[in-house]
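Here are my notes on the two-chain model you sent over, point by point. Have it open while you read.

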Amino acid sequence: MSSNYLEIIRPGINTTFQDKGRDHLYHIGIPFSGAMDNRNYLIANKLVNNNLDSAVIEFAYQGPHIKYSGEKINCAITGDVIFSIKKKDTEIEGNCYESYQIENGDEINIISTNKSVYGYLALGGEFDLKFQWNSCSINTKANIGSNDGKKLDVGQRINLKKINSNKDIKKTNYINTKIENIRVIKGTNFDYFSEEGKKIFYEKEFTVSKLSDRMGMRLEGPKIDNIVNTNIKSEGLIKGVIQVPADGNPIIMLSDHGTIGGYPKIGVVASVDYDRLVQMSPGSKIKFKEINLSDAETLFKLYEMETQNLLSQI
Amino acid sequence: MIKNISNLGDAALYCDFGDEVNKSINSQVIKYFKTIKEKKFEGINNLTPSYNKLIISYDLKKTNFKEVKNYVENINAEESIDINSKKLEIPVCCHENFSMDIKRLEEILKLSREKILENFLNKEYFCYMTGFIAGMPFLGDLDENMRAQRLETPRVKVPKGSVALTEQFANIYTFESPGGWNILGNTPLDVFDSSKEDKPNLINPGDTVIFKEITLDQYKNYNE
């Protein structure tokens, strides 16, 4: 039995282990999964001197309250998160993007994400987790991944296999920027929609609905009118696809999405905006802006360079 | 043959093989799928074959639309003629405990329960694709007089193992999930097993499936 472990005092709303996700499985119906906000996932690992593809704890809205037992270890939280660290006789308010050293008996209480959805807790070491298809990412719908594919529960104990010997404290000044417009590329069924419907899609505001999770983000707003067919023959999906079913309300496919679907695709979110899209909480307003493929590719390259830059400065 | 290649967003290729749903077009899709999968092109991270489309998604950090399109256009999918398909018998129990939508099907199809089962069982169905949820096979084609629309309001929970129909297709719910297909029976077989990482799916695209009826007793005592 490992002597270094976490105990879950309060699990939070949707707390899971995530890593880089799993690929080459869409054809059997298994989605990518992995950390929703990839940039914040990578930064969390870098802040605690982990390999960048290590497993972290992802939480949504209210996070977990955990107690640590074992030898000294570093921890860091990324995202826009309110949390505290309780040591023997003090409790400090924690800052995101800064690593802390915790020791036997210390507690981390992640109260909530602030006007955003996902946050990440990384520990400087390696959790003892089951891997399925080279990933420990938990997919709660298919019960795939570590922890029997289930979200973390109260009273659970999570062992660490290894603690990093590099315990340097790290800090960075990253700020999560919000964007007003989500850039999209025209979908393969764009012409299924009326001229009025297309105009609504690009000009009107949509609201993120409460019925959003790791599988998809449902939007509410003016209805987008379909003039051809509200069903297509089921075909493959990727994350970021915006489907419009018969009721006229768009649904954006997110990391745990069903691998095939039969609703017309009006657009696809550009990869550059995916990390920021997933952080939009229920009630947030979304406006779509059309870009072409070559601009989308260039913007992603710049975003990726910026991510690498941020990581290299930590 | 691929009729047209376009982009689905900035990280996937949309290969269109036509609009019809039939075995011959789908076999083409599966041939391309198997050929590309075997060749392991750097940067391609997923392939999703469906009735008449193949979606190829890639890591935008490693490659881009132009490169993958160029690669796919120059593939000779005829090389791999062997789609390596199996013939499988799936036991299904259509006892009233399981056939939740039999009354609805009787009404829509204007056929008796006996006739519906006779039309459905002991026939060969082709697996066009798997997905939506892990391992779910899309099988076809049902007889013309067996085609019903989805439920108006999908069920929040369809039991694991449910064998269900919609339009010209049958499928099997590999685990409990929401769903709107007409449920006719239930199989005790594990059609998806995540502990078998190399072969989690019992049924794969290109396979042929025959449903064989079993009684409730046989269902309860079923032992793989």
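1. A definition before the rest: two strands pair if DSSP finds at least two bridges between them. Strands S14 (residues 206-208) and S15 (residues 216-220) of chain A reach that with two bridges, and they pair in the antiparallel sense. Within that pair, A:Thr207 has A:Glu220 in S15(A) as its bridge partner. Keep in mind throughout that this is a predicted model.

2. S11(A) is joined to strand S12 (residues 157-163) of chain A by three bridges, and the two run antiparallel. One place to check on screen is A:Glu126, which stands opposite A:Lys162 in S12(A).

3. Is strand S3 of chain A (residues 56-60) enclosed or open to the outside? Five of its five residues are buried, so the strand is largely enclosed by the rest of the structure. In a regular strand, side chains alternate between the two faces of the sheet. In S3(A), A:Val56, A:Glu58 and A:Ala60 point one way while A:Ile57 and A:Phe59 point the other, and all are buried. I'd look at A:Glu58 in particular, a charged residue by class that is buried in this strand.

4. What flanks S3(A)? Strand S2 (residues 16-18) of chain A pairs with S3(A) in the antiparallel sense over three bridges. Strand S10 (residues 118-123) of chain A also runs antiparallel to S3(A), joined to it by four bridges. A:Glu58 turns up in both pairings: A:Thr16 has A:Glu58 as its bridge partner, and A:Glu58 stands opposite A:Tyr120 in S10(A).

5. On to the domains of chain A. The assignment divides the chain into domain 1 (5-163) and domain 2 (181-312), with C-alpha centres 27 Å apart. Across the boundary, 20 residues of domain 1 of chain A are in contact with 16 residues of domain 2 of chain A. On the domain 1 side, helix H1 (residues 38-47) of chain A supplies the largest share, five residues. By class, that side has eight nonpolar, seven polar and five charged residues.

6. Chain B is split as well, into domain 1 (4-79) and domain 2 (87-220). The centres of these two domains, taken over C-alpha atoms, are separated by 28 Å. Their contact takes seven residues from domain 1 of chain B and six residues from domain 2 of chain B. Helix H1 (23-39) and S3 of chain B are the elements that give two or more residues to the domain 1 side, and H1(B) gives the most, with three residues. By class, the domain 1 side has three nonpolar, three polar and one charged residues.

7. Some overall figures for chain B. It has five helices and 13 strands, and its C-alpha atoms fill a box of roughly 55 × 35 × 35 Å along the principal axes. A compact globule of 224 residues would have a radius of gyration near 17 Å; chain B has 19 Å, which agrees. Of its 224 residues, 44% count as buried. Among contacts in chain B with a separation of 6 or more, 62% are between residues 24 or more positions apart.

How values were computed: Residues numbered from 1 in each chain as written. Chains lettered and ligands numbered in written order. Predicted model: local features only at pLDDT ≥ 70, side-chain atom pairs only at ≥ 80, totals over all residues. Domains from an automatic or database assignment. Contact = placed C-beta atoms within 7 Å. Buried ≥ 20, exposed ≤ 12 C-beta atoms within 10 Å, placed from the backbone. Rg over C-alpha atoms; globule rule 2.2 N^0.38 Å.
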